[in-house]
Amino acid sequence: MRTTRTRRLLLAASATATALVLAACNANPTTSSTSSAPAAAAQQGGELHILTSQTAINWDPATSQNLAITTLGLVERRLTTWDAQAGQPSKVVPDLATDTGTPSDDGKTWTYHLKPGLKFEDGTPITAKDVKYSVERSFAPELSGGLSYHKSLLVGGDSYTGPYQGKELDSIATPDDSTIVFHLKSAFGDWPWIVSMPAFGAVPQAKDSVSGYTTKPVATGPYKVAETQQGASVTLVRNDQWDRSTDAVRTAGPDSIVFELGQDQTVSAKRLIADSGADKNAFGANFVPPAQLAQVARDPSAKDRLVTSGAGALAYLAINTQAPGLTDVKVRQALQYAVDKQAFLVASGGATGGELASTLITPGIAGRQDFNLYQAAPSGDVAKARQLLSEAGWKSRQLRLLVDSDATNPAQGQAIQQGLARVGLKVTIVSQPDDVWSQTVTQGDGSKYDLVLSSWQPDFPSANGNIQPLFDSSQIGGGGYNISRYSQPEVDQLIAQATVETDTSKAAAIWAQADKRIMQDAPVVPLIYTKNSFLHGSHVQNFVIPAFPAYPNYLKVTLGQ
Amino acid sequence: MTLDHADELVAAPSSPGAARPARRETWWRVLRRDRFAFTGLLVVVGYVVVALTAPLFLGWLGVDPYTYHLDALDENGAPAGWGGGISAEHWFGVEPLTGRDLFAIVVMGSRASLAVGLGATAVAVLVGATLGVLAGYAGGWVDVLVSRIVDVLLGFPALVFMIALGAIIPLRFPHSPRILILVLVIGLFGWTSIARVVRAQSLTLRSLGFVRASRGLGAGSGHIVLRHVLPNLAATVVVFATISVPGAIGSEAALSFLGVGVQPPTPSWGRSIGDAVTWFSSDPMYLVFPGLALFGITLAFNAFGDGLRDALDPRAVRR
């Protein structure tokens, strides 16, 4: 899971999730979506508009990090997908496959059967070979950037370089046209979630193109791409080869869907607040910015059309554990007390923006233990921080706080700066556009920053997604997201141990242990569990945010009149 | 020297010496009569005094532009209360999402605006006047070179380039002083028009009788430039400088608005205005106060500059 923040928008996943009693707390008893029952019950017709700040949609399943329930899910089906409804824990459910997978060989082998009668948009049948090919192409170096959990799990995945040199990945077997078998290196209990990721769809080899598939995918879902105006819009129309009876999740309400690209977040939010003309049939794919949240709070009609998720992604301040001075754990612990979390929360929109955080595993994830190793008031403990800094013998040096200018509102960086200034730490805010930002933090030697503001959402509802990508030492540099450059053999071992543990409650206990162990070393300051708010027009119905992920479920949105 | 020019006046139009005090009195009186310009001057002086004494003044009032007042915000991070949180404590209300005192921000913001406005103008005048005189007086290849540089710079998309520089320099040199960068970037793109005017005037002056006379009497180039050319350019340069200050202040605001100018938490009107745009519908006063401050200083400088030009214009004096 790798994410430019804009992609994180569509992608993310937070964790108010699987199971859990906690999720039930947020539970909204009115289940507004049409249960998992007959999709035909949903209102049909109309043209839905989706306003997004993205300037392009990447339809290539090998390079996309899209969530199962957002954009790509409308066009491309996967082996499994998510049944994500308001107030209920999200479930992984069969999509192209007849079930969520049959494990054998102690969880190392997973077998799937395709539903009969599935077709691509051109009428050719979907076979297991197309699924296998889709997974194989995600290994190709020229198609990097997608979710890569499966790459280290499949046997031979480490050395496989994609199908373009004529090689196949032998750990994926297709004994017949409707059966596909995956052989894993070790048992992996969350495998049904892994096969809900974009690469586990179907791509016909004859229509594949490394550069062209991003704009011209071959649809398997209820919609196909009809028209792409570069940088302006993408129009989807119905795919008549999609058979409603094979699909329990997608209601396919609107006749067509138009993505309006490159929309400024503030402007989209204002359009949706105004709710005039075609915007009545629109919703925003981006978070509503704090200024517009304040505006909505004073506008009763817009308030009804604002949907806020439960506590989701973790927003955190990463401390570069390899930077001069910050190698000292005392200094990092001083930062835990120095940061003004309350100011950060207010800068993120106050109560609608999130809840104060102290753990790395986000609320709602199985086995999460609530603890706070650095007890302090929400605005920090200045005296304690000063004391720790003087014990560490900190010599004043300017710290560079790197922020992603596309994702972070400027007030957030200043809230951190202000908090640290109280203990005499001078901070320079270095603001970089999204692509430069991710280059700086995930590539190279990390010498260009001391602190980074970031936020993280697991790609599937498991503590694994909270911890492994951010704190495993294998994820330092080279595109990995261990941006605190944190390396602790003890933690690596706990991660390895929890990953192979098939007993979920035992695994959860190990993850909780890892959470605490990491926080002792203080490589990050957990700031808030963010809540995401979205606006929709007055004709848009069944617009719900499930417990996991904290994003609207595009697959069930319909239009009323 | 040929005799063709013997009928020219040998005295300079305003030679240093006896004529000067009278002239100064005259332009001052003209300026005093021009109420608009005079008000402009008073406002400019007021801004400068406020900017110079800002930390003392704010300290005396007990506010500062850096302290967060989260209690002055409602649960959404918007200022609580009327007019963006206007109260006895916070005269202009508070900044949304941070609760910093907006009055203090506006007052301290004048420092960045004036420092950059005056600094960049000083750089522009220094470079422009020097090169202009050099080109106009020396002529020849120097003139050709300077004039071509001016042509190139005038045809250059300066704002785009300034944005690029404003974005790149801090990345390469994270600890460089932003105000100085802004002064240099804006100043070094703003000298061309001054250089052109000064060059043209120097060309004229060079061939005037009193200059030629002193050269005929054996004066060196340095003496002529310092004693005869520059004093006669002073009025033009002063007027030009005054008129270009609001332009430089505007450039600073524009760059800060676009996020490549003065960096937080140093207050800047341009950045406040940039932040306030998204808040306009829920908290208009956040945009109004920094906007008015910027409007006030640019209007005052323009009014003063216009009046000064009228006052120093020889035709206007004779009126």
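This is a predicted model: local features need pLDDT of at least 70, side-chain atom pairs count only at pLDDT 80 or more; totals for chains, interfaces and linings use all residues.
At what angle do the axes of helix H3 (residues 102-138) of chain B and helix H7 (residues 192-207) of chain B cross?

Residues are numbered from 1 along each chain as its sequence is written, while chains are lettered from A and ligands numbered from 1 in the order in which they are written.

**Stop 1: chain B as a whole.** Select chain B and colour by secondary structure: you will find 12 helices and 0 strands. Helices here are DSSP runs of H or I with at least four residues, strands are runs of E with at least two, and both are numbered from the N terminus. Of the 319 residues in chain B, 42% are buried, that is, 20 or more other C-beta atoms (placed from the backbone) lie within 10 Å of their own.

**Stop 2: confidence.** Now colour by pLDDT, the predictor's confidence in each residue from 0 to 100. Chain B has a mean of 85, with 90% of its residues at 70 or more. Select residues 1-19 of chain B, and pLDDT stays under 50. For the model overall, ipTM is 0.75 and pTM is 0.80.

**Stop 3: annotated spans.** An unreviewed UniProt entry lists transmembrane regions in chain B, including residues 36-61 and 285-305; such annotations may be inferred rather than shown by experiment. Select 36-61 of chain B: the span is 100% helix, and its end C-alpha atoms are 31 Å apart. Residues 285-305 of chain B are also 100% helix, with end C-alpha atoms 30 Å apart.

**Stop 4: the helix pair.** Back to the opening question: the axes of H3 and H7 of chain B cross at roughly 35° and come within 7 Å. Axes are lines fitted to C-alpha atoms over the stretch in contact, and angles run from 0 to 180 degrees between N-to-C directions. Contact means C-beta atoms, placed from the backbone, within 7 Å.

**Stop 5: the partner chain.** Finally, show chain A, where 30 residues are in contact with 22 residues of chain B. Helix H13 (410-421) and strand S16 (427-432) are among the elements of chain A that each supply at least two residues to this side.

Definitions and conventions:
A residue is buried if 20 or more other C-beta atoms lie within 10 Å of its own, exposed if 12 or fewer, and partly exposed in between; C-beta atoms are placed from the backbone. Two residues are in contact if their C-beta atoms, placed from the backbone, lie within 7 Å.
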